[in-house]
Amino acid sequence: MSGNTRNDGDITHDPGERISWTNRPPISLRMDTDADDNIVKETDSARRESLIVDTAEEKRRRMETGCLHCHTQRYVNAFYEQYDNLLILYNEKFARPGQAIFNSLLAQGLLTDTQFDEEIEWTWFYLWHHEGRRARHRASMMAPDYTHWHGMFEVAERFYMELIPQARELIAEGLAHGGAEAAAASRVSKVVEGILARPEHAWFEQGAEEQTRLIREQMEDRYGQ
Ligand code: HEC
């Protein structure tokens, strides 16, 4: 894929030159890199621009020189649109909120500094490192079954059925202890409840009867059941 007629046959096996996202960390990052090839994490847009030497878009263009030997530009764009959207969904709906809850538990002293001696530490690791990475990598490799059923479906289950209940359990324990611990627990609670009040999570607490009815109608239409 690297050496081809559109880049003068310049062969390189450094895929980092062509990869537009890194899916290694809990939250996927755009591969905007600086002079030392490190990912630029600066969020102020002016400072960010001054640090970036090679953008994720430029990397993607280099990747596409390979794709376009066999596919049309529209086909390749459609792939990247799906890929970007999956990563944004994972990042914004589950990874950033999960990280925020986890960081808050740590910062407020509701977890020990020892890693993996508490259940929620395993839960969070499974969410981003196993199910979350599986979804993200398989989206990059065009594998729908692993993106959804072994990926996002399990991310969602882990988030709603384990991470949230376990965080609430730690909060309840903290509240029961009273004093400074209760104050710390209520700060974590604000983070958790703030996340669950967002439109994309509101169904979990408030119900979604109308949407469920519409989905059921569509299913009947399409599959007769
Ligand atoms: C050497 C030719 C070639 C190159 C280069 C190539 N592809 Fe493909 N691609 C194919 C062929 C052939 C298929 C169909 C395989 C099949 O149906 O079994 C395919 C399938 C696909 C599919 C559909 C997969 C699916 O499961 O439906 C996508 C999406 C895709 N390619 C995107 C890309 C992207 C993005 C690149 C560049 C990173 C790329 N391809 C590079 C030949 C190529």
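**Ground rules**

I'm working with a predicted model, where local features need pLDDT of at least 70, side-chain atom pairs count only at pLDDT 80 or more, and totals for chains, interfaces and linings use all residues. I count residues from 1 along each chain as its sequence is written.

The cut-offs: buried takes 20 or more other C-beta atoms within 10 Å of a residue's own, exposed takes 12 or fewer, partly exposed is in between, and C-beta atoms are placed from the backbone. Met142 sits in the loop between α4 and α5 (144-177). Its phi is near 60 degrees, a positive value in a residue other than glycine.

**Another positive phi**

I noted Asp37 too, with phi near 65 degrees, also positive and also not a glycine. Most residues other than glycine have a negative phi. I found Asp37 in the loop between β2 (29-30) and α1 (45-51). Asp37 counts as exposed because it has 12 C-beta neighbours inside 10 Å.

Thr43 is in the loop between β2 and α1 as well. With 7 C-beta neighbours inside 10 Å, Thr43 is exposed. I took a distance from there: Thr43 and His150 are 107 residues apart in sequence and 32 Å apart in space, C-alpha to C-alpha.

**The whole chain**

I listed eight helices and two strands. Helices (H or I, at least four residues) and strands (E, at least two) are DSSP runs, numbered from the N terminus. Along the sequence I read β-β-α-α-α-α-α-α-α-α. The C-alpha trace spans about 70 × 55 × 35 Å along its principal axes. Of the 225 residues, 21% are buried.

I also looked at contacts, which need C-beta atoms, placed from the backbone, within 7 Å of each other. Among contacts between residues at least 6 apart in sequence, 57% join residues at least 24 apart.

**Helices α3 and α4**

How do the axes of α3 and helix α4 (residues 119-140) cross? They come within 11 Å and cross at roughly 170 degrees. So α3 is roughly antiparallel to α4. Angles under 35 degrees are roughly parallel, over 145 roughly antiparallel, 65 to 115 roughly perpendicular, and the rest oblique. The axes are lines fitted to C-alpha atoms, for helices over the stretch in contact, with angles from 0 to 180 degrees between N-to-C directions.

The contact includes Tyr83, Phe94 and Gly98 of α3, and Trp124, Leu127 and Arg136 of α4. By class it has 14 nonpolar, three polar and one charged residues.

Tyr80 belongs to helix α3 (residues 73-107). Tyr80 is partly exposed, with 14 C-beta neighbours inside 10 Å. Tyr80 and Ile195 are 115 residues apart in sequence and 28 Å apart in space, C-alpha to C-alpha.

**Phe159**

Is Phe159 buried or exposed? I found it buried, with 24 other C-beta atoms within 10 Å. Phe159 is in helix α5. Leaving out residues up to four places away in sequence, Phe159 touches Phe94, Gly98, Leu127 and Ile164. I also checked Leu110: its C-alpha atom is 19 Å from that of Phe159, and the two are 49 residues apart along the chain.

**Two domains**

The chain is divided into domain 1 (15-67) and domain 2 (80-223). These bounds come from an automatic or database domain assignment. Their centres, taken over C-alpha atoms, are 26 Å apart. Six residues from domain 1 and 12 residues from domain 2 make the contact. On the domain 1 side I noted three nonpolar, two polar and one charged.

Definitions and conventions:
Two residues are in contact if their C-beta atoms, placed from the backbone, lie within 7 Å. Ala, Val, Leu, Ile, Met, Phe, Trp, Tyr, Cys and Pro count as nonpolar, Asp, Glu, Lys and Arg as charged, and the others, Gly among them, as polar.
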